[in-house]
Amino acid sequence: MWKKILISAVLIIAILAGLYWFKNNYQNKQETTAAPSSAASSASFEDKVYTYDVSALPESCQLNSEMACAVEFAVKCTLNPDFTGCRQSKLPKFIFMDDESLDRPTQMSFKIKKIKPVAADMVEIHTDSTCNGNWFGLCQGNIIYVLVPDGESWRVKDIYAIEI
């Protein structure tokens, strides 16, 4: 009786160990094949500083990422709320506030530090930003842009700053 129980337990442990090994081995191979392609695409716009001036805003996005283009569009609308497409967009409403005490910047730059998936339909893009204004404190230092899907592309849903 004990021999049958012992043999059954050893057999079950062996099967579970084999399944565990197969699962981990299969997932590791998938991660190593997927990692280089995502690293190559993210390295093309990370580690670069993008600078914008209200007097010379480019009409189209030159970045090769829909997410980075969404951040760029939010920056353009921050500098000039009357920029093409800004008023019709679903950007946060505070971008369009018009008050001289807000000290809206006329120059702004950002560098993408990290892209952090929060959920299946939400991503945070962490940036190092500088500007020549104050604007709610949302253009100097560590600024985070919260992105959500918008049809075939992405849009900025919220912007906030953190201190490190």
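A disulfide is a pair of cysteine sulfur atoms within 2.5 Å. In this predicted model, local features need pLDDT of at least 70 and side-chain atom pairs count only at pLDDT 80 or more, while totals for chains, interfaces and linings use all residues. Residues are numbered from 1 along each chain as its sequence is written, and side-chain values use heavy atoms, with hydrogens and water left out.

**View 1. The structure holds three disulfides.** Counting bonded cysteines along the chain, the disulfides of the protein chain follow the pattern 1-2, 3-4, 5-6. Accessibility classes in these legends are buried (under 20% relative accessible area), exposed (over 50%) and partly exposed (in between), with a 1.4 Å probe and protein chains only.

**View 2. C61 is joined to C69 by a disulfide.** The S to S distance is 2.0 Å. The torsion about this S-S bond is about -85 degrees, so the disulfide is left-handed. C61 is partly exposed at 26% relative accessibility, whereas C69 is buried at 16%.

**View 3. C77 is joined to C86 by a disulfide.** Here S to S is 1.8 Å, and the disulfide is left-handed because the torsion about the S-S bond is about -90 degrees. C77 is buried, with 0% relative accessibility; C86 is buried, also with 0%.

**View 4. C131 and C139 form a disulfide.** Their sulfur atoms lie 1.9 Å apart. With a torsion of about 40 degrees about the S-S bond, this disulfide is right-handed. C131 counts as buried at 12% relative accessibility, and C139 is buried at 0%.

**View 5. The largest nonpolar core has 32 residues.** A nonpolar core is a set of buried Ala, Val, Leu, Ile, Met, Phe, Trp, Tyr and Cys residues joined through side-chain atoms within 4.5 Å. F110, Y145, L147 and V156 touch the most other members. At least two residues each come from β1 (49-53), α2, β2, β3 (122-131), β4 (141-150) and β5 (153-162); helices (H or I, at least four residues) and strands (E, at least two) are DSSP runs numbered from the N terminus. The most is given by α2, with nine residues. Beyond four places away in sequence, the contacts (heavy atoms within 4.5 Å) of L147 include M67, A70, V71, I125, W154 and V156.

**View 6. P92 sits in the loop between α2 (66-79) and β2 (107-119).** P92 is buried, with a relative accessible area of 9%. Leaving aside residues up to four places away in sequence, P92 touches V156, K157 and D158. P92 and V156 are 64 residues apart in sequence, with a C-alpha to C-alpha distance of 7.5 Å.
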